[in-house]
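This report describes the strands, helices and selected residues of one protein model. The sequence and structure come first, followed by the description.

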Amino acid sequence: MPESTRTTGIAATPDSLSDADLLAQTAIAVREAGAVLRERFGDVVRYRTREELMDALAANDDAALDVLRPRLTRLRPNARLVEDELAGGALPAGEWWVLDPAEGNVNHLHALPEWAVTATLVRDNQPVLTAVHLPLTGETYTARVGGGAHLDGRPLHVSPTTDLGLSLVATSQARPDEDEDVVRRVGASITAMLFDALVVRTSVPATLHLLNLAAGRIDAFWQFAGARADLLPGALLVTEAGGRISDAEGRPWTPQSESFLAAAPGVHTEAVTTLSR
């Protein structure tokens with residue numbers, strides 16, 4: 001789906017709505033979109049060609065976006081929408097809704113439970129609030145700058161682990177059409193972590209790993225390349241839960257970075273060392 005820069009004049013709630021109230025309303029929107037996807041979830045969706053796969057993915061996206069677009073536009077009439085969940089890099093100045101209407105869409109098609117609906121408000125290229133809903137469990141994760149990270153209202157905190165050798169870590173798969181150098185770097189990083197960490201998990205989507213990191217269930221997550229919609233929700237959740245965010249070399253992370261690392265503070269430096277080998 002193309003990136004949208006349209007602005008509408010629909011206004012049921014003024015732009016002066018506080019970020020705390022806006023987050024509460026955003027959480028309602030992702031739950032409503034999630035209910036639509038839950039109704040579509042069940043048997044494995046069969047496809048024989050890439051075109052059929054893309055059509056099935058788009059159908060899920062569209063079903064959720066039909067809920068998210070009008071609700072988020074009413075909440076923030078002057079904010080623009082980013083609907084291409086694979087896009088990366090910086091955004092123009094101003095407010096943007098960065099959406100992944102079916103994060104883990106392929107899992108949904110395969111009747112696997114690891115999928116979610118996400119909506120993140122980005123202001124001048126800084127994520128300010130996010131809501132992530134897991135329709136099959138009913139859980140909603142939220143975070144707001146300065147307001148902490150929460151699971152259904154309960155505060156989240158990253159793990160106190162200080163030893164990478166005792167850590168459960170995770171990464172996400174490279175895209176099917178990813179550059180060969182990136183794919184090889186992913187493979188080398190998994191090998192390095194297999195030597196240094198306790199357990200290495202590899203699966204999609206990235207957001208669910210980052211939810212687990214924010215909740216203290218795992219200790220580090222890394223990814224090479226990656227899209228805004230993959231990383232912004234989890235980056236804000238992890239930061240507000242007390243975790244550290246950087247690129248794989250330990251430098252400040254931005255949506256333009258070529259790598260991403262989120263970790264509990266006690267293992268961040270060790271993770272950087274491992275990934276830099």
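Strands (E, at least two residues) and helices (H or I, at least four residues) are DSSP runs numbered from the N terminus, and two strands pair if DSSP finds at least two bridges between them.

Strand E8 (residues 168-171) pairs with strand E10 (residues 220-224) in the parallel sense, over 3 bridges. Ala 170 has Phe 221 in E10 as its bridge partner. Angles run from 0 to 180 degrees between N-to-C directions, and axes are lines fitted to C-alpha atoms, for helices over the stretch in contact. Contact means heavy atoms within 4.5 Å.

Helix H5 (residues 206-214) is mostly covered, with 9 of its 9 residues buried. Buried stands for under 20% relative accessible area, exposed for over 50%, and partly exposed for in between (1.4 Å probe, protein chains only). Just after H5, Gly 216 has a positive phi of about 80 degrees.

H5 packs against helix H6 (residues 228-240) at an angle of about 5 degrees, the axes being 8 Å apart. The two helices are therefore roughly parallel, a term for angles under 35 degrees, while over 145 is roughly antiparallel, 65 to 115 roughly perpendicular and the rest oblique. Residues of H5 in this contact include Leu 210, Leu 211 and Leu 213, and those of H6 include Leu 231, Leu 237 and Val 238. The contact residues divide into 10 nonpolar, 2 polar and 1 charged; Ala, Val, Leu, Ile, Met, Phe, Trp, Tyr, Cys and Pro count as nonpolar, Asp, Glu, Lys and Arg as charged, and the others, Gly among them, as polar.

Strand E4 (residues 126-134) has 8 of its 9 residues buried. Strand E3 (residues 116-123) runs antiparallel to E4 and is joined to E4 by 7 bridges; Ala 119 has Ala 131 as its bridge partner. The hairpin of E3 and E4 has 2 residues between the strands, and Asp 124 in the turn has a positive phi of about 50 degrees.

E4 also pairs with strand E5 (residues 139-144), in the antiparallel sense over 6 bridges. In this second hairpin 4 residues lie between the strands, and Gly 138 has a positive phi near 80 degrees. Thr 142 in E5 is buried at 14% relative accessible area. Beyond neighbours within four places in sequence, Thr 142 contacts several residues, among them Thr 130, Ala 131 and Leu 237.

## Confidence and conventions

The pLDDT, the predictor's confidence in each residue from 0 to 100, averages 92, and 93% of the residues score at least 70. Over residues 1-14 the pLDDT is below 50. Where pLDDT is low, the predicted coordinates should not be read in detail.

Residues are numbered from 1 along each chain as its sequence is written, and side-chain values use heavy atoms, leaving out hydrogens and water. Local features need pLDDT of at least 70 and side-chain atom pairs count only at pLDDT 80 or more, while totals for chains, interfaces and linings use all residues.
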